[in-house]
Amino acid sequence: MTSQAPLLSVKDLKVHFPTQDGIVKATDGLSFDLESGKTLGIVGESGSGKSVSSSAILGLHRGTSAKVSGEIVLNDTDLLTISDEQMRRRRGKNVAMIFQDPLSAMHPYYTVGNQIMEAYLVHNKVSKREAKTRAIEMLDRVGIPQPDRRVNDYPHQFSGGMRQRAMIAMGLINNPGLLIADEPTTALDVTVQAQILDLLQDLQREFNAAIIIITHDLGVIAEMADDVLVMYAGRAVEYGPCKEILTHPEMPYTWGLLSSVPDVTGDTDARLIPIPGLPPSLLNPPSGCAFHPRCTHKDKVKGNLCKTEMPELLPGNRGPEHTKRCHLADPEQIYFTEILPEIAPDLVEEFAEVNPDGSVGDAEPVRSSDAAAEAEEKKI
Amino acid sequence: MAINRKPIVAVAAAAVVSVSLAACGGGSTSGDGGGSSKEASKGGTLYYLTRTSAEHMDPQRMYVGRDLSNMNRLVYRGLTTFPITDDPDAKFSVVPDLATDTGTASDGGKTWEFTIRDDAKWEDGKPVTCEDFKYGISRTFATDVITGGPNYILSYLDVPVAPSGLPEYNGPYKGDHQEDYDKAVTCDGAKLTLHFRNAWPDFNYAAASLRSFDPYREDKDQGEKSNYQIFSNGPYKLEGKWDATQGGTFVRNDQYTESSDESDSRQANPDKIVYTQGLENEVIYDRIIADSGDDAYAITDRRVPPAYYTQVTGEVADRSSLVDSPYVSYLLPNFNQMKNLKVRQALYMATDVVASTTALGGDKAGTPAKSIVAPNIIGYAENPNFTAPPEGDPEAAKALLEDSGEKLPYPIKFTYAGGTPTLDKQAAALAEGWKKAGFKVTLDPLTDTYYTIIQKPSNDADVVWGGWGADWPSIATVIPPLFDSRINLTENSNGQDYGNYKSDTVNKMIDEAAQIADVDEQAAKYTEIDDQLGKDVAYIPLELTKFYFVRGSKVTNYINNPMTSGFPDLGAIGVEN
Amino acid sequence: MTAYIIRRMFTGIIMLIVMSMVTFLLFFSSPVNPEDFACGKNCSPALKAQTKKALGYDEPVTTQWVKFAKGVFVGRDFPDDPALKESAPETIAECPAPCLGYSRTTNSTVTEQIKEAWPISLSLAITAFFMWMIGGIVFGVIAALRRGSIIDRGIVGASLVFYAFPTFFIGLFLYKFLAIKWEIVKIPEYVPISEGGVSVWFQGLLLPAFTLSLVYMAGYVRMTRAFVLESMGEDYLRTAKSKGLAPRKVLYKHSMRAALTPLVTMAGLDLAGLMGGAIITEQVFNYPGLGKLAVTATRNFDLPLVVGIVLVLAAVVIVANLVVDLLYAVIDPRVRVG
């Protein structure tokens with residue numbers, strides 16, 4: 001991260017929902033920065049607060065009972081301090097969002113073209129005809145064949161991948177500085193997923209947009225992200241550059257995520273290890289480290305600390321850019337001796353070759369990244 | 001004037017009926033004496049608000065008391081008519097109308113002669129002739145076209161009867177055996193002569209009550225299609241068409257002259273009379289009680305619903321009237337089931353008419369009856385067999401029942417026209433009384449199918465409910481239709497003899513009565529028959545229905561005429577200008 | 001599309017035929033005999049048989065139905081008595097095709113009766129329809145937007161009340177207070193536009209239409225509220241918001257469009273049902289429409305009229321169903337007819 005002021009800077013973001021049973025702390029103190037042209041991957045299980053945080057950036061909680069606090073500075077403006085109308089004018093123009101399920105995210109009764117044009121018309125004083133030309137242009141750009149015809153189709157007449165392309169066209173039509181992609185490929189076929197990711201990357205280069213990509217799929221992270229933010233129970237538990245996090249994860253939850261990614265490269269020795277237990281309740285989060293009830297390594301910390309004290313998000317041994325929220329004293333050691341051999345035995349050697357003493361250096365991406373790379377090759 | 005003409009009418013009437021224990025016998029209690037003190041005045045518009053639509057406007061087909069009286073005052077003049085009176089104790093009398101006198105009977109009441117006035121005109125200016133009467137009377141014989149209506153003439157007129165039971169003469173449309181009719185009904189100039197098979201000593205009363213003997217213009221007759229056609233010879237005529245469901249408007253008939261009408265029964269006060277049919281009772285009384293706008297000029301034939309009794313106070317009470325109706329309701333023991341006389345007597349003794357009437361609404365709804373005949377009918381007498389107190393005598397009843405030799409408790413099934421809370425309450429009140437005497441009562445309420453079921457000879461009810469009003473003020477229109485087993489009991493139906501009563505003694509007495517030419521003598525004979533019915537407990541009288549009305553404040557000369565069924569008399573009523 | 005419509009029409013006609021048969025069968029399976037009603041005073045068995053014959057009820061049900069069906073195409077005479085037609089043709093009521101029968105209680109052909117009553121029910125139905133649609137949607141949307149507030153609770157509560165109370169009661173209540181006591185509206189009566197002009201027609205119509213609309217509005221408020229709330233949770237609404245659309249546009253263009261579309265089906269069918277007469281409302285306000293006619297016909301055991309009304313009502317519902325389906329295909333692009 002450079003010293004230049006970032007495009008987006010989120011500080012201590014909290015999104016709390018008051019309910020009859022108490023306050024649900026969906027996001028509880030989230031901070032990160034993002035520069036133009038860069039991609040931040042936010043990863044975590046369902047209910048970890050990923051989508052809630054990104055909705056907060058768009059101001060979608062306005063008008064509801066949700067309490068949003070902290071700072072969301074976009075282009076030097078704190079989005080939490082501006083009026084509803086000012087926020088509205090930024091939506092779709094400065095920050096756009098594409099959603100997980102493009103079928104339900106598009107209005108069934110309006111044509112795709114109409115919905116894309118609408119996004120353009122609301123921020124630009126142009127005629128409908130111009131808007132339509134622009135919509136066709138965007139559809140063409142995202143790879144819809146015969147866009148001048150398909151512009152008049154209804155969403156149900158598009159395939160899943162085409163709908164997501166159309167959503168991207170809609171999101172990018174105003175050339176926003178920030179694009180939030182909330183699980184953009186989850187609802188799509190595997191083969192289509194890669195095409196969409198590729199498209200996003202192409203467009204990012206073209207428009208120099210910053211992207212926040214929300215996913216639970218580390219493969220997507222590996223392919224897309226510059227930085228990675230791992231969320232658990234409404235908080236960041238590990239944050240740093242993508243390569244760093246994927247090769248030298250220091251938080252047992254991240255290990256868990258890595259362990260539960262199926263290996264498609266065919267390493268028959270690799271084990272798929274699900275994270276035990278369920279995501280915690282956000283209404284009554286566990287004491288101490290929120291992950292401790294599911295953590296298999298908590299015994300390695302002395303004095304029951306995991307249960308009693310919430311660890312701070314602090315740099316470990318890997319330098320200031322890699323922060324994590326964990327009491328473990330030497331997570332690296334544990335990862336390379338206990339975790340990696342289980343989930344990717346073939347990589348242990350690879351790492352060992354790079355660093356025969358077992359210490360950690362700049363390693364090649366883990367296999368998840370390979371999977372993505374392979375998928376990338378298969379497409380075209 | 002039959003309450004029972006149409007089952008549905010009876011059910012509807014019963015739904016609002018209730019009994020009381022106020023006045024006894026023939027008298028009447030009334031809100032302000034029945035009549036209004038305001039002097040009659042000519043002009044203005046009178047509004048007639050009602051619920052039940054008139055089913056027929058054809059004089060030969062209409063049979064509902066209200067319509068018979070009203071149309072007689074407005075548009076259909078007859079041979080005779082009833083005078084205007086509001087004296088509740090007035091005995092029935094008739095006055096000449098289109099005839100010059102009230103008719104002359106000869107041949108022991110079998111032949112009647114009338115002379116038709118020469119100065120009465122139809123609404124198109126043509127004179128009303130004897131031939132018009134002859135034609136009108138003939139229409140009832142066209143039973144394939146003119147259905148419904150009071151058809152007494154079919155059994156009375158001296159014409160040959162076919163094996164089917166109907167006269168061979170089949171009315172003016174087909175005209176088969178016309179010569180039979182031409183012999184039985186003749187016109188000699190203005191002189192109309194009718195020949196009957198049996199004595200009909202009170203024919204002139206029937207002529208005043210019913211419209212069957214009214215004249216009809218042959219050139220206006222379209223048979224069935226004329227059902228709602230009104231071609232007037234009275235002081236009013238219909239403006240435009242009569243709407244079967246909504247009603248119509250009557251305006252003055254300029255061809256009618258007062259000089260041609262010496263009956264004194266048609267003051268014809270309002271210039272216009274507007275009929276609105278199909279209104280709910282609640283709506284009618286909301287409007288009349290509110291008394292605003294045109295509703296101040298309104299009258300109705302609908303009784304005040306019991307729920308509105310409390311609103312009839314102060315100024316509204318001044319506009320109310322409470323009079324006797326001609327309708328009596330009663331219970332009939334089923335003679336196929338309840339064969340033991342002592343059991344029937346016990347049932348009578350145990351019947352609590354007071355409780356039954358209270359359930360119906362109290363003294364505004366009815367008063368205990370002492371006979372199946374209404375008190376102002378010629379020949380009425382309190383039936384000497386019905387001596388129990390109105391609230392019943394359970395002790396005596398119990399003694400009778402124990403004495404009957406039957407096993408106790410004696411089970412009975414009471415089938416009644418139910419379907420409303422009021423009627424269910426009434427049935428429960430009756431059952432309560434019977435239980436005290438040792439009956440075990442099963443209640444069997446029926447709605448639409450009531451008459452269909454109780455008319456089945458195989459019906460296993462022990463007691464059923466009935467209601468009746470005389471067709472003309474003669475006991476002869478009460479007893480034979482209800483208790484002559486020969487005309488009622490057939491293989492498939494008990495006709496109107498719902499109790500399957502069959503007595504050769506009574507049948508013989510009915511035949512004797514039919515031969516009596518003198519009205520009063522005949523009535524005395526029927527009183528004897530009623531006594532016999534009482535001895536047999538052929539029926540158990542419940543209550544004489546009361547009429548409780550409210551009218552608009554601008555209505556003048558308001559009269560409930562006992563001779564026009566107790567309904568408001570349109571011959572007298574006017575409105576303030 | 002055309003083939004679809006033809007197919008639907010065809011099944012509709014089959015349904016009408018079946019319905020007419022069923023009505024005949026039901027009528028004759030009733031324990032009540034129509035001739036008991038028509039046969040005047042002191043009816044002897046011979047006279048009753050004669051009356052039955054005069055009414056045409058003496059023939060087997062099948063024969064009666066065949067005659068009825070034939071009448072629809074070639075017309076009929078009433079009574080169907082050649083001898084009478086010979087001697088007194090003026091008494092024969094002609095019922096030209098399409099003849100649905102001749103009603104003796106109202107003394108005219110069923111077709112004429114329906115033609116007279118139809119515009120009255122139609123006036124009532126359409127006026128009430130507009131009232132309840134506007135009221136239902138406006139209050140439903142307000143309740144949805146203010147969900148949980150006092151306004152919402154008030155609206156939902158009131159609609160529950162109107163939903164729960166019998167129409168008869170509501171009608172009489174409004175009649176008593178609005179028309180009679182406070183004289184806010186005129187005493188309801190039907191005046192054709194041709195007689196009194198639009199204003200008089202409408203004044204007479206106001207209260208019955210209002211009563212009817214209240215009953216339906218109650219249901220529509222609740223439905224609208226539910227549909228709007230449902231649509232507000234939809235993903236595409238979030239998309240619309242995230243595009244930067246003004247809240248107003250999100251509500252009207254996106255939310256309402258989705259929420260109101262399902263109402264079309266209900267509204268179409270409800271309107272069609274009402275065109276066949278609002279039985280209770282017409283009864284309370286003495287409105288001589290098809291509903292009142294149906295009650296009268298049933299009370300009087302007037303078979304031709306009952307059958308005629310049943311068939312007309314069924315036909316309206318069948319056509320309305322088709323129209324609604326076609327309309328739905330227009331307003332919901334996902335639906336295709338065929």
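Helices (H or I, at least four residues) and strands (E, at least two) are DSSP runs, numbered from the N terminus. The model is predicted: local features need pLDDT of at least 70, side-chain atom pairs count only at pLDDT 80 or more, and totals for chains, interfaces and linings use all residues. Residues are numbered from 1 along each chain as its sequence is written, while chains are lettered from A and ligands numbered from 1 in the order in which they are written.

**Exercise 1. Annotated segments of chain C**

Task: state how much helix and strand residues 258-285 of chain C hold, and how far apart the end C-alpha atoms are.

Solution. 
- Start with the record. UniProt, in an unreviewed entry, puts "transmembrane region" at several stretches of chain C, including 200-221 and 258-285. UniProt positions follow the numbering used here, feature names are shortened, and annotations may be inferred rather than shown by experiment.
- Take residues 258-285 of chain C. The chain there is 86% helix and 0% strand, with 37 Å between the end C-alpha atoms.
- Take residues 200-221 of chain C. Here the chain is 100% helix and 0% strand, and the end C-alpha atoms lie 30 Å apart.

**Exercise 2. Chain contacts**

Task: find which chains share the most contacts.

Solution. 
- Two residues are in contact if their C-beta atoms, placed from the backbone, lie within 7 Å.
- Two pairs of chains are in contact, and chains B and C share the most contacts. That contact takes 46 residues from chain B and 41 residues from chain C.
- Look at the chain B side. Helix H5 (171-174) and helix H8 (281-290) of chain B each give two or more residues to it. H8(B) provides the largest share, five residues.
- Sort that side by class. It has 15 nonpolar, 18 polar and 13 charged residues. Ala, Val, Leu, Ile, Met, Phe, Trp, Tyr, Cys and Pro count as nonpolar, Asp, Glu, Lys and Arg as charged, and the others, Gly among them, as polar.
- Turn to chains C and A. Here 18 residues of chain C contact 23 residues of chain A. H10(C) supplies the largest share of the chain C side, six residues. That side divides into five nonpolar, five polar and eight charged residues.
- Check chains A and B. They do not touch, and their nearest C-alpha atoms are 48 Å apart.

**Exercise 3. A helix pair in chain B**

Task: describe how helix H10 (residues 341-350) and helix H12 (residues 394-403) of chain B cross.

Solution. 
- Read the geometry. The two axes come within 8 Å and cross at roughly 165°. Axes are lines fitted to C-alpha atoms, for helices over the stretch in contact, and angles run from 0 to 180 degrees between N-to-C directions.
- Classify. H10(B) is therefore roughly antiparallel to H12(B), a label for angles over 145 degrees.
- List contacts. Among the residues that meet are B:Val343, B:Ala346 and B:Met349 in H10(B), and B:Ala397, B:Leu400 and B:Leu401 in H12(B). By class, this contact has nine nonpolar, one polar and two charged residues.

**Exercise 4. The sheet of chain A**

Task: work out why E2 and strand E5 (77-78) of chain A stand at the edges.

Solution. 
- Two strands pair if DSSP finds at least two bridges between them.
- Write the order. Four strands form an open antiparallel sheet, E2-E1-E4-E5 (chain A). E2 and E5 each have a single partner strand, so one side of each is left without a neighbour in the sheet.
- Count bridges. E1 (residues 8-19) and E2 (residues 22-34) of chain A pair antiparallel over 10 bridges. A:Thr19 has A:Gly22 in E2(A) as bridge partner, and a hairpin of two residues joins E1(A) to E2(A).
- Finish with E4 (residues 67-74) of chain A. Seven bridges join E1(A) to E4(A), again antiparallel. A:Val10 is bridged to A:Ile72 in E4(A).

Technical notes. Angles under 35 degrees count as roughly parallel, over 145 as roughly antiparallel, 65 to 115 as roughly perpendicular and the rest as oblique.
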